[in-house]
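Here are my notes on this model. Please read them with the structure open.

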Amino acid sequence: MKIREVKIREANENDAAALAKIECDIWKTNYKHIFSVEVLEKEMKPDVHTEKFEKLLRKNDKNSVFFVAENQKNIVGYVLILVKRNCARDNENSIVGAALKKMEKGQALLGLLHVAPEEQGKGIGTRLLDYAKNYLQGNKLRTLTGHCFFKDEQGTKFHMKTGARVKQRMVTEVFGEKHIQFRLELDLEKGGQ
Ligand SMILES: CC(C)(COP(=O)(O)OP(=O)(O)OC[C@H]1O[C@@H](n2cnc3c(N)ncnc32)[C@H](O)[C@@H]1OP(=O)(O)O)[C@@H](O)C(=O)NCCC(=O)NCCS
């Protein structure tokens, strides 16, 4: 795969199954040292995640931005960003709505940034984040907040390289298990550096 041949475009409902496969593969590969086998087997079912993505993409939500990276028509990664805009008030029970409730104006939240395990380390994550950053800067967003598991060395290294700063270290409960997570922030007004 040549990185220059990877195209970035907006996600649509037809991408849901491919997105779900990547998400489940990542959890079972990258996070296998973080979560128990039982949790991964129970929670990472591609059908369930396909439905989640279909729902999210069908909504055509003005508060989220969803881009995919494609190599010869195969999706190899994606980025989902939640954006707090002035206008819309989202349903607080939806995935996006619940996260938005906690955000301030001008803030964007990195919801998901995933690159298929077999394509990691080739520059796709950087391309996706740069693309999203351009979009956010063009829309006058000030900061991009992300979260990363303490034990996810690869993810942490990636975020540090983008210039993000650790703002908080916290214990969160994910699928009934307690894990240490970092909250990171990228200053978009300083060019995201
Ligand atoms: C984190 C992730 C999005 C990075 O995307 P990527 O395409 O693999 O990363 P890139 O090739 O653009 O590399 C950028 C930097 O990330 C870090 N990185 C990437 N792969 C790495 C690896 N296997 N080991 C350690 N660091 C790695 C390096 O700092 C790298 O910079 P360098 O090449 O100058 O060393 C991707 O690996 C992924 O999906 N991981 C699993 C999910 C996850 O952790 N998401 C982030 C938390 S929100």
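Which element gives the most residues to the shell around the ligand?

1. It is α6, with 5 residues. Bear in mind that this is a predicted model.

2. The ligand is surrounded by 20 residues. Q120, G125, T126, G155 and F158 are the closest. Two or more shell residues come from each of β4 (107–115), α5 (124–138), β5 (143–149) and α6 (153–162). By class, the shell holds 10 polar, 6 nonpolar and 4 charged residues.

3. Now the strand pairing. β4 and β5 run parallel and are joined by 3 bridges. The chain passes from β4 through α5 to β5, a β-α-β crossover that is right-handed. In this pair, L109 stands opposite T145 of β5.

4. β5 also pairs with β7 (residues 177–187). Here the strands run antiparallel, with 7 bridges. F149 stands opposite Q181 in β7.

5. Next, the core. The largest nonpolar core has 40 residues. Within this core, F67, Y78, V79, I81, A108 and A132 have the most contacts. At least two core residues come from each of α1 (16–29), α3 (46–58), β2 (64–71), β3 (74–83), β4, α5, β5 and β7. β3 supplies the largest share, 7 residues.

6. I81 deserves a look. Setting aside neighbours within four places in sequence, I81 is in contact with S64, V65, A108, L109, L110, G111, A132 and L136. Of these partners, A108 and A132 are also among the core residues with the most contacts.

Methods. Residues are numbered from 1 along each chain as its sequence is written. This is a predicted model: local features need pLDDT of at least 70, side-chain atom pairs count only at pLDDT 80 or more; totals for chains, interfaces and linings use all residues. A residue is near a molecule or strand if its C-beta atom, placed from the backbone, lies within 6 Å of it. Helices (H or I, at least four residues) and strands (E, at least two) are DSSP runs, numbered from the N terminus. Ala, Val, Leu, Ile, Met, Phe, Trp, Tyr, Cys and Pro count as nonpolar, Asp, Glu, Lys and Arg as charged, and the others, Gly among them, as polar. Two strands pair if DSSP finds at least two bridges between them. A crossover is right-handed if, with the strands pointing away from the viewer, the path from the first strand over the helix to the second runs clockwise. A nonpolar core is a set of buried Ala, Val, Leu, Ile, Met, Phe, Trp, Tyr and Cys residues joined through C-beta atoms within 7 Å. A residue is buried if 20 or more other C-beta atoms lie within 10 Å of its own, exposed if 12 or fewer, and partly exposed in between; C-beta atoms are placed from the backbone. Two residues are in contact if their C-beta atoms, placed from the backbone, lie within 7 Å.
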